[in-house]
Amino acid sequence: MPQNIAALNLKNLLGSSIPELGPKPRPDALDHDTLTKKLADVFKHSNISTPAQELIRALLLLWHDQLDAAHHVAQAIENADGSFIHGIVHRREPDYSNAGYWFRRVGGHECFPEIAARAKKLLDMESNPAWSAKLLAHGEWEPLAFIQLCASVEEKPSDDPQVLLLRKIQAIETEVLLDHFLH
């Protein structure tokens, strides 16, 4: 399976709904066994490296609300990419201080500029200059500000406009990471 077909198959595993900011599972999220089988099939027919496979596995487990399994995989990956996923896991648990710890370990990740560009476009469309100023201070992605905003809406329902906007930004984060892991 050529790399671009593997990438398409992996992106198709994201499905149509986006995860909650917290740990609440979605009805259409794939269960652990189904996701594991689908990933094994994609990986078996691709030339994706083993380290990239583990990052993708952790990211997609997280996308499908398998936080414990994603945490187990991410904590074994001792680099900025693993720390990034580890930070998202803790942000979703929610354990905001631990999420901050892991994002500080990430440092200036090479995905931040693309996340910032896509988030800015979304925030501009939503006419949200206040959040844009927080999340894109000095034109750069601020993952610690994103954690703070997630914490600030924790008690709101998942269909609240602010929560939906943060969920969309979280989806951008996942899409950018997946592209990064595939290249």
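Visitor: Which helices each supply at least two residues of the lining of the largest cavity?

Guide: Helix 3 (50–63), helix 5 (80–92) and helix 10 (161–182) do. Helices here are DSSP runs (H or I, at least four residues), numbered from the N terminus. The model is predicted: local features need pLDDT of at least 70, side-chain atom pairs count only at pLDDT 80 or more, and totals for chains, interfaces and linings use all residues. Residues are numbered from 1 along each chain as its sequence is written, and side-chain values use heavy atoms, with hydrogens and water left out.

Visitor: What makes a residue part of that lining?

Guide: A lining residue has an atom within 4 Å of a cavity point, on a 1 Å grid over the protein atoms alone, where a 1.4 Å probe fits but cannot get out. Among those lining the largest cavity are Pro 19, Trp 63, Arg 92 and Thr 174.

Visitor: How many cavities of 30 Å³ or more are there?

Guide: The count is 1. The largest cavity has a volume of about 60 Å³, taken as the space filled by probe spheres set on the points.

Visitor: Which residues of helix 2 are called buried?

Guide: Leu 35, Leu 39, Val 42 and Phe 43. Buried means under 20% relative accessible area, exposed over 50% (1.4 Å probe, protein chains only).

Visitor: Why are they said to be on the same side of helix 2?

Guide: Because they cover an arc of only 95 degrees around the axis. The arc is that of the directions from the helix axis to the C-beta atoms. On the other side of helix 2, Asp 33, Lys 37 and Lys 44 are exposed.

Conventions:
1 Å grid on protein atoms, 1.4 Å probe; cavity = no way out; pocket = protein on both sides within 12 Å on 5 of 7 lines; lining within 4 Å.
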